[in-house]
Amino acid sequence: MANLSLKHIYKVYPNGVKAVSDFNMEIEDKEFIVFVGPSGCGKSTTLRMIAGLEDITAGELTIGDTVVNDVEPKDRDIAMVFQNYALYPHMTVFENIAFGLRLRKLPKEEINKRVLEAAEILGITEYLGRKPKEMSGGQRQRVSLGRAIVREPKVMLLDEPLSNLDAKLRTAMRSEISKLHKRLNTTFIYVTHDQIEAMTMGTRIVVMKEGFVQQIDTPKNLYHYPINKFVAGFIGTPQMNFFEGTLTRKGDVVEIAFFGTDARISVPYTYFYKTRPDYLTGEKTVTIGLRAEDISLDPEVVSKSAAVVKVKVSHKEELGNETLIYGDISMEGDGFTESNTRVIIKSYEDVALTPGETVNAALDLDKVHLFDKETEVSILPRIPEFNYLDCEARGGVLTFLGQTFRLPPAIHLDDGNYQLLIPTDAFRLGGDIGLACVETEVVGGKTLCSFELGGRRLFALLEGVHAGEQVRLSFDPKRISVLRGTEEVVSPLPSVASFDGMLKKVREVREVEKKGKIKRKKVVEFRLAIENALFNAPEKISDKLITVLSVHRAFTSKLRFECSPYDITFAQEGVSATVEEFLDYGTERFVRCNVGGKSVVVATAEPVEGEVHLVPDLDKLAVIQSDLDIRII
Ligand code: ADP
């Protein structure tokens, strides 16, 4: 088995460059994974950490069942293919392919067998006697693939293997590598900056930017459901058109207004069930994305469309099977300058257009993408974070969509009208809300259930519910938010407690018995300073801090410790805190404590008051280096 698991992987180079941040991914056996992103985004660094050619700063890498952070590259059962082939010029093709096996002292017959088999797969049998310089780039890359294949690795790593080849050869080699993957039946991880390569080869693609994973998904999902503007713009050619505008809800419809043109387009509100309501007030600027193929100039399509905008045509590019028409939705725009009004339209028909002419273009509203202008995150998410519901509070009872919910003592609300936010993952089966499941959709391994309630939709992540089924649900009251206008009057209970601190070295004098005599001996011990208290540092934590941060920085770095409110107990000694509030959520109870000006929530069975001492469970602590923001444990 060659599944890989990357957990909280970071890379900080000695010069301080943070090349990879918090990379998390589970790779199944036999997948073809592609890391893609612009130059410098951390793709190669991640691949090189998997190969063992680069140390992992923090995090855990597992291949099969083994944590391999400290395993030598040669013992990781992987093979790597590089862009520059790295062949030995004085050796023949046969010798180049056989080289690694000879080093490993495999029997001669076995080496012959494997080399001939690999050469056969790659179609280079007739060149086995040649030297690399007598071969073309494509053939040399085949040799370097051959060298990887004969090792029969569990995982094949390929770092831009085709970038030295010309366009035609690249296309041919792309399908050969895909075929090779099917034939070898091993896990492939492939790095490229070329989105077409990624889209045509990967079973799943990891899109990276500035060291951060943006989205991990199938090519189809990346194309249809990009989670942010970066992914939307990176995947697909020509690049997605981006416009700016506003969204205004008017009863059952939402009006999309584009800046730079008078065009207004009405879309049924049902389309925006998953969108945060404050995007629909007409006050926020949003980015509207539409791909070139989702805009049509076909008069028949235009005549039937309810979403038509005027486009001033500037020029076109004939690409053989398709034509790209450049224009601008603003009559002041020139269609050349990349702007928020420039538009590119893809047409598979030959269209007769004169530069300067104004035409009607139909937008395919089912294909519209919408992003927050500032954060660039999609505001039409596949899994919405929350359900946004109008509600009314009266005497401690909340009414929404015809349902009533008695607020627990921890939540105080004056009578009035509010907006209730219930996280999609805060529902559980069983409870007072009776509703019908209309449809279910599996997204990224999770099942999103849509329910009909009071004439609208409610979304919940639940397993085992089927479309058409009638179910009863409840939700976790400590997870809800309540808004009055834009003011949050009820906030969810924090799910983590966070403490500041450091690792400290203390010298202690101990009395030890040696040959029947009591001797005083100096010993060095490690302590965790967590806020104002000292704890014996578990070896697991001190060792990890010292290896990751180096001896010097382990003791000078500011650390943040995080744990769940359920993993803190009250004791005679520990972090001193003042209880500020007792929070009774009915089935669960908590106290909110003040720890040196910070708020820390702790689960408790009974009411607690006054000055207390908190002891976090050191085995369950997450340890974060604060300055670089690296999760060390
Ligand atoms: P990509 O493969 O996506 O082009 P890399 O993983 O090569 O990106 O690089 C990610 C970042 O790390 C870049 O900013 C790069 O300059 C930096 N980097 C790469 N290798 C080193 C190194 N050996 N020392 C210092 N910085 C490096």
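Let's start in a loop: Lys30 sits between strand E2 (18-27) and strand E3 (32-36). Keep in mind that this is a predicted model. What makes Lys30 worth a look is its backbone: phi is positive, about 75 degrees, even though Lys30 is not a glycine. For context, most residues other than glycine have a negative phi.

The peptide bond running from Thr237 to Pro238 is cis, and its omega is near -10 degrees. Most peptide bonds are trans.

## Who surrounds the ligand

Now for the ligand. Its shell is made up of Tyr13, Asn15, Val17, Ala19, Pro38, Ser39, Gly40, Cys41, Gly42, Lys43, Ser44 and Thr45. Which element supplies the largest share of the shell? That would be helix H1 (residues 43-51), with 3 residues.

For Thr45, a polar side-chain atom lies 2.4 Å from an oxygen atom of the ligand. Ser44 also uses its side chain, with a polar atom 2.7 Å from a ligand oxygen. Gly42 takes part through its backbone instead: an N or O atom there lies 3.0 Å from an oxygen of the ligand.

How much of the ligand does the protein bury? On its own, the ligand exposes 560 Å², and the protein buries 62% of that.

## How helix H2 packs

Helix H2 (residues 93-103) packs against helix H4 (residues 137-149) with the axes 7 Å apart and an angle of about 30 degrees. Since angles under 35 degrees count as roughly parallel, H2 is therefore roughly parallel to H4. The crossing of H2 past H4 is right-handed.

H2 also packs against helix H3 (residues 108-122), this time at about 135 degrees, with 10 Å between the axes. So is H2 parallel or oblique to H3? The angle makes H2 oblique to H3, because roughly antiparallel would need an angle over 145 degrees. H2 passes H3 in a right-handed crossing, and its crossing with H4 is right-handed too.

Methods:
Residues numbered from 1 in each chain as written. Predicted model: local features only at pLDDT ≥ 70, side-chain atom pairs only at ≥ 80, totals over all residues. Heavy atoms only, no water. Near = heavy atom within 4 Å. Polar contact = N/O pair within 3.5 Å; in protein donor to acceptor, adjacent residues only side chain to side chain. Areas by Shrake-Rupley, 256 points an atom, 1.4 Å probe, with all protein chains shown as cover. Helix = DSSP H or I, 4+ residues; strand = E, 2+ residues; numbered from the N terminus. Axes fitted to C-alpha atoms, helices over the stretch in contact; angles between N-to-C directions. Parallel < 35°, antiparallel > 145°, perpendicular 65-115°, else oblique. Left-handed = near helix turned anticlockwise from the far one by under 90°.
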